[in-house]
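Hi everyone, thanks for coming.

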Amino acid sequence: MRYKEMAASKGKPFPFKHAWAILQTFDKWKLRDQETAPKKSVMLRMDYSEDEEERNLGKPEGTKKGKLRVKMEGEASSLREKMGHMMKAREELTTKTLETKLLITEKKKEAKLAQVEAKREEAKRKADLEERMINIKEAKVWKELMVEEKEHMMMSKKDMDQDQLQWWKDYKEDIAERKRMFRGASSTF
């Protein structure tokens, strides 16, 4: 009868009468006769989490649940502390990294400036050396020219014909003109 009243049976009779004949004598099944069958709609609407909260609403917290809550709160605060330490460590690492990059950039800049200064000094030294070399060459040319002029002035004019004598005089005039120009140039220096 009870089975027939259930919505899931759809009005059909209980098919396991042979099992019921044996089980009805056991204590587990004796109370079943006095209970009313739960309605299917109530069973379907039942939400265990809400039902559990409603049942335990006025009750004090159990030992296990209390310990679990304390443990979770401790882990949460520990986790917050660890996250705080991690963030602080990350900030310090970022700061150190930036400082290191800045130092490296400054060192590179100083090295580059030192290289530029060294190149400038090298160029200046080369220019001074070239100037000295030019002065030495110029002095050598002047010395050779003076030796040549001296030889020219010391030439014997006895054996010269008219053309050679004219050449000697023209060359003597060129030498005198050069000396005048040289004296004028050296006085302006």
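Let's begin with Y3, which lies in helix α1 (residues 2-5); helices here are DSSP runs of H or I with at least four residues, strands are E runs of at least two, and both are numbered from the N terminus. Y3 is partly exposed, with a relative accessible area of 30%; buried means under 20%, exposed over 50%, and partly exposed in between, with a 1.4 Å probe and protein chains only.

A word on the source: this is a predicted model, where local features need pLDDT of at least 70 and side-chain atom pairs count only at pLDDT 80 or more, while totals for chains, interfaces and linings use all residues. Residues are numbered from 1 along each chain as its sequence is written, and side-chain values use heavy atoms, with hydrogens and water left out.

Now the overall fold. The protein chain has seven helices and zero strands, so the pattern along the sequence reads α-α-α-α-α-α-α.

Which helix deserves a closer look? I'd pick α6, residues 63-154, with 92 residues. From first C-alpha to last, α6 reaches 133 Å, close to the 136 Å expected, where the expected span is 1.5 Å times one less than the number of residues. The buried residues of α6 are G66, L145, E149 and H152.

And how much of the whole chain is buried? Of its 189 residues, 5% count as buried. Finally, among contacts (heavy atoms within 4.5 Å) between residues at least 6 apart in sequence, 26% join residues at least 24 apart. Thanks, all!
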